[in-house]
Amino acid sequence: MNKGFVIMAQDTEKTNYTKCAETLKKSIVRVMPDANITIITTDTLPHGDLAKNSDWKLINDWQVYEASPYDYTIKLEADMYIPRNIDHWWDVLKERDVVISSTIRNVKQEISDVRVYRRFIDDNNLPDVYNAITYFKKSDTAKKFFELVKEIFNNWEEYKRILKCNPAEIATTDWVYSLASHILGIEKTTLPTFTEMSMIHMKQFINNHPTENWTDTFIYECLPDQIRIQTIPQLYPLHYHVKNFCDKIIV
């Protein structure tokens, strides 16, 4: 089974996503030494010139389908940390063409029902998906999905005219994936019963935190074999959100 993890790392003036991606890769290797891992940067994208000339880095996300060297891929956002072996995910996912994560957790490991960040999803009755963890198999369904992602990004202004949203709404990858999932069919793009495929999301309101920078007041320990936040060992993929937390991680 030709399978592997792909990490998208498109640097901006403010954030070194490549550094985050390298740290994520090391965290995967620590718990899954035999895992295949590929970091994709703007230089390695199939259409690198487009990527370099674009001020909107998210618009290149659709290229991951062709850029992935694997038949079976789990795509991860760069600002994450994998605390334990998740190799068993492949056994569940391999029978599917596309699965976008549809579950997030708070720092207590509890499945979160906070909707403050999901108004666009709720107002438009769209699938509640999180692109940060996305599985796909080289297949007609996955190819169609990423073609839709490209189409929506490139024609966002037209899509906004038929959606309930602020006229200035930005096309985030989550919103675009959600629309593509809706158009292609949620039965083809999600697996709601597989809540194991989830992440701890460190955004403010998900964790009842006073600010978006949780590192200011939460107690955390970065150890060689685990990360503890508020004394709780983090057992699911950690989407730490505050990018400079990458510098604290020991791998």
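In what sense do strand 6 and strand 8 pair, and over how many bridges?

Reply: Strand 6 and strand 8 (residues 199-201) run parallel, joined by two bridges. Here I104 sits opposite M199 of strand 8. A pair of strands needs at least two bridges found by DSSP. Strands are DSSP runs of E with at least two residues, helices are runs of H or I with at least four, and both are numbered from the N terminus.

A note on the basis: this is a predicted model, where local features need pLDDT of at least 70 and side-chain atom pairs count only at pLDDT 80 or more, while totals for chains, interfaces and linings use all residues. Residues are numbered from 1 along each chain as its sequence is written, and side-chain values use heavy atoms, with hydrogens and water left out.

Four strands form an open sheet in the order 4-12-8-6, and the pairing is mixed. Strand 4 (80-81) and strand 6 (104-105) are its edges, each pairing on one side only.

Next, helix 8 (residues 173-184). Ten of its 12 residues are buried, so the helix is largely enclosed by the rest of the structure. Buried means under 20% relative accessible area, with exposed over 50% and partly exposed in between (1.4 Å probe, protein chains only). W175, Y177 and L184 are among the buried residues. After the helix comes G185, with a positive phi near 120 degrees.

Last, a hairpin. Two residues link strand 9 to strand 10. Strand 9 (residues 220-223) and strand 10 (residues 226-229) are antiparallel, with four bridges. C222 has I227 as its bridge partner in strand 10.
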